Structure formats: C-alpha cells, structure tokens
Amino acid sequence: MATGFAQRAVHGQAPHLPPGLPVEDAADAVVAALSEGARLVRPGTVAPLEVVR
C-alpha cells in the first residue's frame, strides 16, 4: 500500500522501494483474493500482491 512510510525512515535514509498500491486498490485486491479461496496474500516480487491458493 502506498502509505508514505517509504519516505520516512526511522533512522538514516529510507531504502528505495517500488511504488505501492493505493490503499483502496490493495484492500479490494485482498478481499477479492480471500473471497476466492486464497490462503495467503502478500507483497509480490513481480506484481504488487502475490496470492497463494
């Protein structure tokens, strides 16, 4: 999710992170995946979210 946290390092400089999904899009994707039987929804390496069935 694009929360802005990537630009606010706790200490030092924030690491470079890929852009996140808007919060509403991320929530919709998680709800859809879980309602379709996903066991796990996590940040992906190729796509923003990875769905494990």
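Predicted model: local features only at pLDDT ≥ 70, side-chain atom pairs only at ≥ 80, totals over all residues.
Local features need pLDDT of at least 70, side-chain atom pairs count only at pLDDT 80 or more, and totals for chains, interfaces and linings use all residues. Residues are numbered from 1 along each chain as its sequence is written, and side-chain values use heavy atoms, with hydrogens and water left out.

**Helix 1**

Helices are DSSP runs of H or I with at least four residues, strands are E runs of at least two, and both are numbered from the N terminus. Glycine 37 follows helix 1 and has a positive phi, near 95°.

**Salt bridges**

The whole structure holds 2 salt bridges (a side-chain nitrogen of Lys or Arg within 4 Å of a carboxyl oxygen of Asp or Glu).

| Pair | N to O distance |
|---|---|
| Arginine 53 and glutamate 36 | 3.8 Å |
| Arginine 42 and glutamate 50 | 3.1 Å |

Arginine 53 and glutamate 36 form a salt bridge. Arginine 53 sits in the segment after strand 2 (49-52), and glutamate 36 in the loop between helix 1 and strand 1 (40-43), so the pair ties together parts 17 residues apart in sequence.

Arginine 53 is exposed at 53%. Glutamate 36 is exposed at 56%. In the other pair, arginine 42 is partly exposed at 35%, and glutamate 50 is partly exposed at 32%.

Note on methods:
Buried < 20%, exposed > 50% of the residue type's maximum accessible area, 1.4 Å probe, protein only.
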